[in-house]
Amino acid sequence: MKALALMALLLASAAQAQQTVVFSTNAPDGRLGMASRPGGAGISAREAADDFVLQEATAITGASFYGLLPTGASALDITQVSVEIYRIFPLDSSDPPSGNVPTRLNSPSDVAFDTRTSGSGLTWSATSLGGFSVTNSVVDGIHPSPNNMTGGDGFATGNQFLFAVDLLTPFVLPANHYFFVPQVGLSNGTFLWLSAQRPIVSPGTPFPPMTTDLQAWIRSAELEPDWLRVGTDIIGGGQTFNGAFSLSTTVIATPEPTTLVLVASGLLLIVVAARRIGWSARDLPRRSDVQ
């Protein structure tokens with residue numbers, strides 16, 4: 001029994017857990033920053049969303065995304081990090097929609113499918129990548145029809161951060177089309193989720209055949225449950241955007257055959273040595289036999 005337990009321990013140590021990226025849109029392209037923050041005292045919530053497709057059931061265990069913090073802000077100013085998964089309208093939604101936005105076709109649903117928040121479902125780290133700027137931003141110009149086309153809130157600059165999130169409880173998602181929503185709360189200022197190129201280019205993850213890379217959407221607390229397309233409905237000019245993010249899952253790497261042979265060989269040597277020690281102990285005279 002001890003040998004079997006030791007064998008299991010050795011095999012477990014030979015196998016390694018690895019984070020494997022299942023989806024990525026690439027790094028920021030510098031075109032846009034989208035407000036995405038929780039609500040708080042004196043400020044209303046913002047949610048920016050971008051889509052991804054899973055071709056098989058997947059347990060999402062980690063995520064990363066790029067964001068812009070105001071100049072002078074650091075990781076110490078971050079008060080909350082949340083990530084949400086939305087399905088596509090009309091799932092989890094009232095149907096027909098309110099009519100307060102140009103369309104709900106291909107938008108995120110009314111309410112989140114699943115959520116994780118710092119302190120109760122995820123841990124996070126934020127790495128500063130230095131100064132960065134975006135040509136345009138969307139923070140306050142989020143209005144219902146017919147006043148939705150504001151053109152954005154203009155140029156923004158600050159410090160670029162890469163956020164890495166570990167989900168203590170994975171998002172267990174069936175194969176389907178989803179939206180990813182990151183939110184970051186700051187003690188001062190607004191977090192901007194940075195845009196990535198659309199359509200996705202290498203080394204990003206191409207969308208599967210017969211599916212479409214949908215553009216990013218956004219909403220304010222005042223607009224809920226509706227959403228606006230960041231490019232088509234707010235900025236215009238034929239521009240569309242993705243959010244810069246990636247999703248990963250934990251894969252247990254199977255040891256190579258040579259590794260298994262080495263483990264088995266090591267175990268055999270241990271067993272042989274243990275038997276020899278046992279035989280030597282039996283061959284020693286007992287205390288009662290010593291004169």
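Me: Why is Phe180 called buried in this predicted model?
Reply: Phe180 has a relative accessible area of 1%. Buried means under 20%, so Phe180 counts as buried.

Me: What makes Trp193 buried?
Reply: The relative accessibility of Trp193 is 0%. That value also falls under 20%, so Trp193 is buried.

Me: Why is the pair of Phe180 and Trp193 called edge-to-face?
Reply: The ring centres of Phe180 and Trp193 are 6.1 Å apart, and a pair needs centres within 6.5 Å. The planes stand at 75°; over 60 degrees counts as edge-to-face, so the name applies.

Me: How do you know that this pair links distant parts of the chain?
Reply: Phe180 is in strand β10 (residues 176-186) and Trp193 in strand β11 (residues 192-196), 13 residues apart.

Me: What else does Phe180 touch?
Reply: Leaving out residues up to four places away in sequence, the contacts of Phe180 include Ala48, Phe52, Phe65, Ile85, Phe245 and Leu247, besides Trp193. Phe180 is also among the residues that touch the most other members of the largest nonpolar core, which has 45 residues. Strand β9 (residues 156-173) gives the largest share of this core, six residues. Another core, of 10 residues, lies apart from it and includes Tyr66 and Val139.

Me: How many aromatic pairs are there?
Reply: The count is 16.

Me: Why is the pair of Phe161 and Phe163 called tilted?
Reply: The centres of Phe161 and Phe163 are 6.5 Å apart and the planes are at 50°. Stacked requires under 30 degrees and edge-to-face over 60, so an angle of 50° leaves tilted. Both Phe161 and Phe163 are buried.

Note on methods
Residues numbered from 1 in each chain as written. Predicted model: local features only at pLDDT ≥ 70, side-chain atom pairs only at ≥ 80, totals over all residues. Heavy atoms only, no water. Core = buried A, V, L, I, M, F, W, Y, C linked by side-chain atoms within 4.5 Å. Buried < 20%, exposed > 50% of the residue type's maximum accessible area, 1.4 Å probe, protein only. Helix = DSSP H or I, 4+ residues; strand = E, 2+ residues; numbered from the N terminus. Contact = heavy atoms within 4.5 Å. Phe/Tyr/Trp six-rings, centres within 6.5 Å; stacked < 30°, edge-to-face > 60°.
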